[in-house]
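Work through the exercises below with the model open beside you. Each task is followed by a solution in steps.

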Amino acid sequence: MSANSFHEDAVSAGLTAAQVEQSRREHGDNMLTPPPSVSLWRLYIDKYRDPIIQVLLFAAAVSLVLSFFKNDFVETLGIILAIFFATTVGFYFERDAARRFSLLTALDEEQPVKVRRDGKVMLVPRRDVVVGDVILLEPGDEVPADARLIHSLNLQVDESALTGEPVTEKNLSSPISHPSSADTSAYPSWQLLRSSLVMSGRAEAVVIAVGDQTEIGKVARQSSEFSTVKTPLSQQLDHLASLISKVGSAISIAAFLVFLVHDILVNTTLWHSTDYVGMSEVVLKYFMMAVTLIVMAVPEGLPMAITLALALNMRRMLKSNNLVRRLHACETMGAVTVICTDKTGTLTQNRMSVQEVLTEGGMRNVEGGMRNEEGNQLLFLAMAVNSTAELNGDQGIGNPTEVALLRYLQQQSVDYRTWRQEAEMLSQEPFSTERKYMKTTVKTGGRVYTLLKGAPEVVLATCQLTAAERQDIEAHLLSYQQHAMRTLAFAVKESSLTEPAGEKEQMSDFVFQAVVAISDPVRPEVSAAVEECRKAGIEVKIVTGDTAATTLEIARQIGIVPSTHVPSEEKGTVVVSLTGPEFAALSDEEAMTVLKNLKVLSRARPSDKQRMVELLQRMNEVVAVTGDGTNDAPALNHAHVGLSLGSGTNVAKEASDMTLLDDSFRSLSRAVMWGRSLYKNLQRFLYFQLVVNVTALLLVLVGAFVDTEMPLTVTQILWVNLIMDTFAALALASLVPSRDVMNEPPRSRSAFIIPRRMGVQILLTGFLFFVVMFVFLLYCEFHRTGGIDIRELTWFFTTFVMLQFWNLFNAKALGSRHPALRHFFWNRGMVLVLVLILLGQILIVQYGGRMFRTVPLSWQEWAVIIGTTSLVLWIPEVYRKVRSKR
């Protein structure tokens, strides 16, 4: 079966269920085969390209050579195992993050497509579109598969994905089998290509190719959703890692020289002998110590923490109806200071219903009747034909306002499909936010009518009305708008049969038909979400194409503006509301002054929204913008975070960073909470790891001044730095977000990730741990003759690990007003990680032997170590408990 084999009647009705299944068997699903993925083995090998891992591999190779001379491979085996675990754990979690991201991107294939099957218009997932399907396209839609036009009106598409042409006109002017020689386009004017975007007009087309058989499926291309652009957070972390690496390298070189010179001065017998193997062993020992210092200094767990935090946040945000399209949105949402939001669907329920109809013959509600029968019929014609919406049972497909009008016709026992079949469409201008009207010219009953529908002020300006009539209509309009109702005006003009169909109607001499008042209730959760944003230091502004009175009433209901506001025309007062034209008339300087207090921008055009975003950014605000239409794409692109609506157009979704799947403002406020929690969790991990690094660096360095072996061996430090820190990254990245972050002001986007207070805490805590361990080391060294034995060194190593173990609780409580143990068992990820760290330490001590330079400890010794080191938790916890009660 091919698309070209259908008769016109079959095309008009669409495929039957049996034809759909037959076509799917013959041509397959509408899915593009993904590009060949990199093998897991190659991805794993890439982990060994890390510079630190390569230094460790070199050290392991040198150690292996010397092991043949000593016939002792224990330390070499320990280094190799540590490297293996570090790379394998990192590989697993990064692979898991990539897998989760690919699952999110696969949701694109679930985008709904409007098709006609069995004579009914319905929505199906893009992947279920088959060859022969009749697809219906409107501005903002993405073409789901290659298709040929069967009907079109003023159709323009963006084919830049294939041809580089941003705007291409499509029509049926050229016969399908014999395209015009004058047509120099890359593809025929009747052909629509998958992934192209409808910019204006409307069309019906029959699918001729799906999946890999489409033009874009035939093009060899690389596809990846991962962005290589450095985000602000990534840049900060790269700077931090570079700084720490330089400091660590300098310290490691200095320590190597100090230890080596110290050994030469003390162990003169060896260095004056010809025992070159023994000398090599000493040099290797201090070389391994220097390598260990580099490993400790470099925050090796940082990439892991970032990957885990992003992966977990993306998954959790999806559960709260936020689909993250670009990774930077996760972090940037936490720094947002201004939210510019749409009204319809985001603040309201997008469940529109006609409440009242005001006609020339008088007002009526939904159940009432109209006095003028001819006017009644023409109004029904306008509602049915001057529209692109459809009804499929209880499901409305298309613009919610137009769906409400069709449902109103249903209540009046009017079949809109009959009106559309009987009327011959001659031309149509789709609604745009610039024009604020939709105009359709039809021929029916031997007459030609031009039907106008749109914003009341625009439509009324074209109508012949007396001053009294206009005043009466405007009074009703104000009443509707003050009750937060959306209003639409209808007008009609009869044209001559001899007038060319393509000639544009003059926007004058129309006859007023009606004003329709449509209600759209406010979402019940919005007021609380707006208040939450206010407490979080985020200003919410409404930017909408609706009227000022309607928008201000909504703003009052949800608490964005007080119950009374100062009119914008009063000089010397705070302006909280402006219309698009009023805003456009202001200079940039005047507009920036007004924006400090502006809450509502009504009757806004796309250019007004974009300008508002750009001016707010010049005022050093971090701006998030919601949008659902094609014309919102520029503002979504210019915003720090663009948020499209799940019900919006594909153009808006492509331009956005995130998609609010449920269209709700509450999901937006949750996204802010997730963004702030992500940043705070990364700060907590940095605190934990840098305390470990500072303590270990100081301990290894002081070994030069104590006549003993290095207090921590290479394998021990590798366990602490590469393995234990990886678990810590998992624990802290998996912390459940706290609503407490919404009681804090937004962070500065340029602020360093380690604030001064946190830096002081890191240094003080690291130094305190060092003092405790150093005093313990001196005690072991001098309390008896013979120096430190291996049991005391086991105590030293275990005490060091348990100090960090308990400090993980303090890291959890960093930046929180609550105790660390509050809701502790709710964080199952952290509980699991703490258990793994404790079990790992017990196994290493009890069974590590020479590999980890340990001897088994008794349960009494374990109890003493765990009990005394737990003071690291209990002392700060008492302070946090007292502070939380203030």
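A nonpolar core is a set of buried Ala, Val, Leu, Ile, Met, Phe, Trp, Tyr and Cys residues joined through side-chain atoms within 4.5 Å. The model used here is predicted.

**Exercise 1.** Find which residues touch the most other members in the largest nonpolar core.

Solution. 
- The largest nonpolar core holds 118 residues, and Met333, Ile558, Met658 and Phe665 touch the most other members.
- Helix H24 gives the most to this core, namely 20 residues.
- Phe665 has contacts that include Ile339, Leu347, Val530 and Val540, leaving aside residues up to four places away in sequence.
- Another core, of 32 residues, lies apart from the largest one; Val357 and Leu451 are among its members.

**Exercise 2.** Decide how H24 and H27 run relative to each other: roughly parallel or roughly antiparallel?

Solution. 
- The axes of H24 (residues 665-702) and H27 (residues 790-813) come within 9 Å and cross at roughly 155°.
- Angles over 145 degrees count as roughly antiparallel.
- H24 and H27 are therefore roughly antiparallel to each other.
- Their contact involves residues including Tyr687 and Phe688 of H24, and Phe796 and Phe800 of H27.
- By type, the contact residues are 10 nonpolar, 4 polar and 2 charged.

Terms used
Residues numbered from 1 in each chain as written. Predicted model: local features only at pLDDT ≥ 70, side-chain atom pairs only at ≥ 80, totals over all residues. Heavy atoms only, no water. Axes fitted to C-alpha atoms, helices over the stretch in contact; angles between N-to-C directions. Helix = DSSP H or I, 4+ residues; strand = E, 2+ residues; numbered from the N terminus. Parallel < 35°, antiparallel > 145°, perpendicular 65-115°, else oblique. Contact = heavy atoms within 4.5 Å. Nonpolar A, V, L, I, M, F, W, Y, C, P; charged D, E, K, R; others polar. Buried < 20%, exposed > 50% of the residue type's maximum accessible area, 1.4 Å probe, protein only.
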